Amino acid sequence: MANVSTETPKIERSWKDIDLRAVAPFVALALLLIVGFFINPNFLGGNNLSNVMTRSAFIAIIAVGATFVISSGGLDLSVGSMVAFVASLMILFMNSGAIAEPRLMLLVAMALAVVIGALCGLANGLITTVGRIEPFIATLGTMGIYRGLTTWLSQGGAITLRSLDLQSLYRPAYFGNIVKIGGFNVTVPILIIFLTAAIGAFILYRTRYGRHVLAVGSNEDVARYSGIPVNIVRTVTYVIQGLCVSVAVLLYVPRLGSTSATTGTLWNCRQSPPWSLAALRYAAASAASGARSVAHSSSKSSAISCCCRISSANT
């Protein structure tokens, strides 16, 4: 009897087999870091990198939610206005004095912000799915609605957290350092970035719902014929976007302790430079070409933040 070889042939891989769509964002980020170093050698310092990541936490966290929305074939332009609206209601509740205990008040206010953000995302999702309105038009409208409500709540001014006890209690949520590695401070926002990205990546890649999201975004008709509830899947992605906005608000409020109708304006297409819209466009291009990745969104948002920091350093 002839011996049958059970060895599997080894496949030789070359640099041509590398998926450039997966590598390009990280290469661009590395190039921006190098450019920033030549403009100002302190750019790659531990303190500056920690500061850049901390200040870009809002955009990075929102980009995780945008990954789900765009991967399902949707779009959300209202994130900046939603941040202002949710932050305003959160601060107004804390100023109401409904709960005397500061810690309990803070916990309830944070929970309220999460619920409001999820409801705002749910509204966007229902308008686009049940209302059958194009996501660009629908979220452009809700962007104006949330911004108008914020203007009405603030009476055209600013809404400031008045309680000094709440300010001191809430301040470490943004300015607190968890650990210092060399000259790099691992702050709470940096930790939240990685936790949010890890949870988003797990849901998108390791769960049935994540596969449904990618299926709906790839071909809506085929997904519907396969028995996937397209409207539910797409609506939930907007809820996830709202939850990510809420997390960004939880980090934004302790930074300044104040909000106004202009909060988050630079996070959408209202003014230049439109950082969030740029991140959305990059992610949409990746999604259209099949490269749907939480890491892509995070790296692109980091690259955009680096562009902002480099331009600031140059001026």
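# Questions about a predicted model

Visitor: Does R224, at 38% relative accessibility, count as buried, exposed or partly exposed?
Guide: Buried means under 20% relative accessible area, exposed means over 50%, and partly exposed lies in between, using a 1.4 Å probe and protein chains only. At 38%, R224 falls in the middle class, which means that R224 is partly exposed.

Visitor: What kind of model is this?
Guide: Residues are numbered from 1 along each chain as its sequence is written, and side-chain values use heavy atoms, leaving out hydrogens and water. Local features need pLDDT of at least 70, side-chain atom pairs count only at pLDDT 80 or more, and totals for chains, interfaces and linings use all residues, for the model is predicted.

Visitor: How many helices and strands are in the chain?
Guide: Helices (H or I, at least four residues) and strands (E, at least two) are DSSP runs numbered from the N terminus. By that rule, the chain has 14 helices and four strands.

Visitor: Which residue forms a salt bridge with E220 at 2.9 Å?
Guide: A salt bridge is a side-chain nitrogen of Lys or Arg within 4 Å of a carboxyl oxygen of Asp or Glu. E220 is partly exposed at 30% relative accessibility. With the closest N and O atoms 2.9 Å apart, the partner is R224.

Visitor: Which helix holds R234, a salt-bridge partner of E220?
Guide: R234 is buried, with a relative accessible area of 14%. The closest N and O atoms of R234 and E220 are 3.3 Å apart. This pair links distant parts of the chain, 14 residues apart, with E220 in helix 11 and R234 in helix 12.

Visitor: Within what arc do the buried residues of helix 10 fall?
Guide: Helix 10 spans residues 208–218, and its buried residues are G210, V213 and V216. They line one face of the helix, because seen down its axis (by the directions from the axis to the C-beta atoms) they fall within an arc of 125°.

Visitor: Which helices do the buried residues of helix 10 pack against?
Guide: The face turned away from the buried side carries the exposed residues R208 and S218. Packing is judged by contact, meaning heavy atoms within 4.5 Å. The buried residues pack against helix 3, helix 9, helix 11 and helix 12.

Visitor: At what angle do helix 5 and helix 6 pack?
Guide: C120, A123, N124, I127 and T128 in helix 5 meet P135, A138, T139, T142 and Y146 in helix 6. Axes are lines fitted to C-alpha atoms over the stretch in contact, and angles between N-to-C directions run from 0 to 180 degrees. The axes are 9 Å apart, and the angle is about 145°.
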